[in-house]
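Please read it alongside the coordinates.

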Amino acid sequence: MKRLIFLSTLVLAMGVIPSAHADEIIIEGYVTINYPATVKLNKSGCQNIAFKYVTDENLSRENTVFLVAITPNDSKRVYGYAAWLSTQTYMGDKALPPMARIGVLKVKVCRKAFMYSSKSTKLTLASKPGTYTVVFGAGTYDAAGSLTGEKIEFKRKIKFV
């Protein structure tokens with residue numbers, strides 16, 4: 001009887017343990033991003049991977065950008081990417097307003113190679129199980145659209161199962 005109670009308690013406790021481990025990265029002066037360390041890929045089709053972000057309270061709402069890209073470990077090609085943009089003043093009246101200070105960047109990945117947009121000239125890579133690199137980048141631009149200062153870049157790992 002004690003064994004049955006112990007096993008029942010263990011099974012119930014395991015049900016509340018989170019199934020996915022999350023990682024966090026902080027790009028000082030820009031953003032804090034939380035993302036899954038492991039992603040279960042759909043058997044077919046496409047899916048979005050959520051990168052939850054909170055921008056630094058002092059981040060300028062003009063001419064700043066940060067992005068997330070999933071790449072092979074030995075290449076700059078991408079499986080998927082997403083970017084956060086503030087108002088890009090070099091665009092003049094065509095500039096969009098800044099994106100939300102808190103939100104989710106959705107990185108689209110697919111089991112088959114696909115065209116990311118109608119303007120793409122190369123196929124975006126097909127996703128398959130394995131370990132990949134996540135590139136986090138950030139930068140500030142001047143009113144002419146040129147990078148000011150250094151581009152910030154961090155790399156982490158993500159696993160597709």
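The points below describe a predicted model, grouped by topic.

- Four strands make up an open sheet in the order 1-2-4-7, and their pairing is antiparallel.
- The edges are taken by strand 1 (22-27) and strand 7 (102-110); each has a single partner strand, so one side of each has no neighbour in the sheet.
- From one strand to the next, the twist averages 25 degrees.
- Strand 1 pairs with strand 2 (residues 31-36) in the antiparallel sense, over six bridges.
- Within this part of the sheet, Ile27 stands opposite Val31 of strand 2.

**Aromatic pairs: Tyr35 and Phe51**

- The structure holds nine aromatic pairs, among them the one formed by Tyr35 and Phe51.
- A pair of aromatic rings is described by the distance of the centres and the angle of the planes.
- For Tyr35 and Phe51 these values are 5.5 Å centre to centre and 20 degrees between the planes, and the pair is stacked.
- Tyr35 belongs to strand 2 and Phe51 to strand 4 (residues 46-55), so their pair ties together parts that are 16 residues apart in sequence.
- Tyr35 has a relative accessibility of 3% and counts as buried because the cut-off is under 20%.
- Phe51 is buried as well, its relative accessible area being 0%.
- Together with Phe136, Tyr35 and Phe51 form one aromatic cluster.

**Aromatic pairs: Tyr79 and Tyr132**

- The ring centres of Tyr79 and Tyr132 are 4.7 Å apart with the planes at 65 degrees, so this pair is edge-to-face; the label applies to planes over 60 degrees apart.
- Tyr79 is located in the loop between strand 5 (64-71) and strand 6 (80-85), while Tyr132 is in strand 8 (residues 130-141), so the pair ties together parts that are 53 residues apart in sequence.
- Both Tyr79 and Tyr132 are buried.

**Ala37**

- Ala37 is found in the loop between strand 2 and strand 3 (38-39).
- Is Ala37 buried or exposed? Its relative accessibility is 13%, so Ala37 counts as buried.
- Which residues does Ala37 touch, leaving aside those up to four places away in sequence? They are His21, Ala22, Asp23, Ile158 and Lys159.
- Ala37 and Asp23 are 14 residues apart in sequence, and their C-alpha to C-alpha distance is 5.8 Å.

Technical notes. Residues are numbered from 1 along each chain as its sequence is written. This is a predicted model: local features need pLDDT of at least 70, side-chain atom pairs count only at pLDDT 80 or more; totals for chains, interfaces and linings use all residues. Side-chain values use heavy atoms; hydrogens and water are left out. Two strands pair if DSSP finds at least two bridges between them. Helices (H or I, at least four residues) and strands (E, at least two) are DSSP runs, numbered from the N terminus. Axes are lines fitted to C-alpha atoms, for helices over the stretch in contact, and angles run from 0 to 180 degrees between N-to-C directions. Rings of Phe, Tyr and Trp (its six-membered ring) pair if their centres lie within 6.5 Å; planes under 30 degrees apart count as stacked, over 60 as edge-to-face and the rest as tilted. Buried means under 20% relative accessible area, exposed over 50%, partly exposed in between (1.4 Å probe, protein chains only). Contact means heavy atoms within 4.5 Å.
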